[in-house]
Amino acid sequence: MSLTKYIAKRKFEETPEPTGGKASAKGKLTFVVQRHHASHLHYDFRLELQGTLKSWAVPKGPSMNPKDKRLAMMVEDHPISYATFEGDIPAGNYGAGHVDVWDHGTYEPIDEQGEVITPTAFAQHLHAGSIKFRMKGKLLKGDFALVDMEKNGKTWLLIKHNDKYATDEDYNSEDYAKKSSLAYTAERNKSKQVKKK
Ligand code: MN
């Protein structure tokens with residue numbers, strides 16, 4: 001039986017009651033997307049899971065258009081505290097460049113039917129190479145999937161599910177980047193051109 005009614009009757013922000021066997025008993029899972037202009041511009045997509053941030057580098061950034069299948073290279077887990085990091089990584093260091101938070105919020109792990117599942121079940125789906133989740137960010141909203149294309153834990157596709165939040169317009173994550181992010185990139189491109197001359 002689904003826990004829908006049990007959940008609908010309660011405000012878990014206020015009651016210490018468990019949300020039930022299917023969902024996390026405490027705390028919400030966070031996500032962050034960081035715009036990272038390193039040697040190449042990319043977006044780092046991170047989902048909190050079991051005390052760490054599972055991370056993917058998405059060269060073109062996320063899209064709210066279900067037609068887009070965005071390449072997402074799985075990278076190393078990051079500490080939870082990384083979710084608020086913004087700033088410059090000095091030259092000569094791994095990932096040297098500039099990092100800004102592009103979007104952040106919470107997410108719910110879900111199954112094929114869209115029912116909320118436990119982090120433990122979600123971790124099993126992740127291991128099997130196919131996860132679905134419900135984003136509650138400022139920019140990213142609604143259901144998404146990440147699918148491991150080669151079943152090797154490296155090459156994934158990030159895909160928006162067709163729901164009320166989806167768009168059928170062209171979606172460019174750069175259109176939503178902070179002014180400071182774009183200024184950094186403009187400056188980098190300018191100095192690159194100077195060097196070419
Ligand atoms: Mn990165």
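**Notebook: a pocket, a metal and some loops**

I started at the second largest pocket: 17 residues line it, and H36, H42, D44, Y94 and G95 are the ones nearest its centre. A pocket here is an open set of points, on a 1 Å grid over the protein atoms alone, with protein on both sides within 12 Å along at least five of seven lines, and a lining residue has an atom within 4 Å of a point.

Before going on, I noted that this is a predicted model, where local features need pLDDT of at least 70 and side-chain atom pairs count only at pLDDT 80 or more, while totals for chains, interfaces and linings use all residues. Residues are numbered from 1 along each chain as its sequence is written, and side-chain values use heavy atoms, with hydrogens and water left out.

**Entry: more on the pocket**

I looked up the space in the second largest pocket and got about 280 Å³. That volume is the space filled by probe spheres set on the grid points, which are joined across faces, edges and corners.

Which strand gives the largest share of the lining? It is β2, with four residues. Both β2 (41–49) and β4 (69–78) supply at least two lining residues each.

I also sorted the lining by type: eight residues are nonpolar, six polar and three charged. In this scheme Ala, Val, Leu, Ile, Met, Phe, Trp, Tyr, Cys and Pro are nonpolar, Asp, Glu, Lys and Arg are charged, and the others, Gly among them, are polar.

**Entry: the manganese ion**

Which protein atoms are the donors of the manganese ion? I found H36 through ND1, H42 through NE2 and D44 through OD, lying 2.2 Å from the ion. A donor is an N, O or S atom within 2.8 Å of the metal (3.2 Å for Na, K and Ca), and since water is not among the atoms, a site may look incomplete.

Along the chain, these donors follow the spacing H-x5-H-x1-D. H36, H42 and D44 are also on my list of residues nearest the centre of the second largest pocket.

Are H36 and D44 buried or exposed? Both are buried. Buried means under 20% relative accessible area, exposed means over 50%, and partly exposed is in between (1.4 Å probe, protein chains only).

**Entry: the whole chain**

I counted three helices and nine strands. From the N terminus on, they run α-β-β-β-β-β-β-α-β-β-β-α. Helices (H or I, at least four residues) and strands (E, at least two) are DSSP runs, numbered from the N terminus.

The chain has 197 residues, and 42% of them count as buried. Its accessible surface is about 11,600 Å², with 55% of that belonging to carbon and sulfur atoms. The areas come from the Shrake-Rupley method with a 1.4 Å probe, and for residues only the protein chains shown count as cover.

Next I checked contacts, meaning heavy atoms within 4.5 Å. Among those with a separation of 6 or more, 55% join residues 24 or more positions apart.

**Entry: around α2**

Helix α2 covers residues 119–128, and P119, A121, F122, A123 and L126 are buried in it. G129 follows α2 and has a positive phi, near 90°.

In the loop between β6 (97–110) and α2 I picked out V116. V116 is partly exposed, at 27% relative accessible area. V116 and F133 are 17 residues apart in sequence, with 8.4 Å between their C-alpha atoms.

**Entry: two non-glycines with positive phi**

Q50 is not a glycine, yet its phi is positive, about 50°. Q50 is in the loop between β2 and β3 (52–58), and it is exposed at 54%.

K151 also has a positive phi of about 50° without being a glycine. I found K151 in the loop between β8 (141–148) and β9 (155–160), exposed at 56%.

K136 belongs to strand β7 (residues 130–137) and counts as partly exposed at 44%. Beyond its neighbours within four places in sequence, K136 touches F31, H104, G105, T106 and E108. H104 is 32 residues from K136 in sequence, but 8.2 Å away, C-alpha to C-alpha.

Last, I looked at Y171, in the loop between β9 and α3 (179–196). At 10%, Y171 counts as buried. Leaving aside neighbours within four places, its contacts include P62, W102, L139 and Y176. Y171 and P62 are 109 residues apart along the chain, with C-alpha atoms separated by 8.6 Å.

Key: 1 Å grid on protein atoms, 1.4 Å probe; cavity = no way out; pocket = protein on both sides within 12 Å on 5 of 7 lines; lining within 4 Å.
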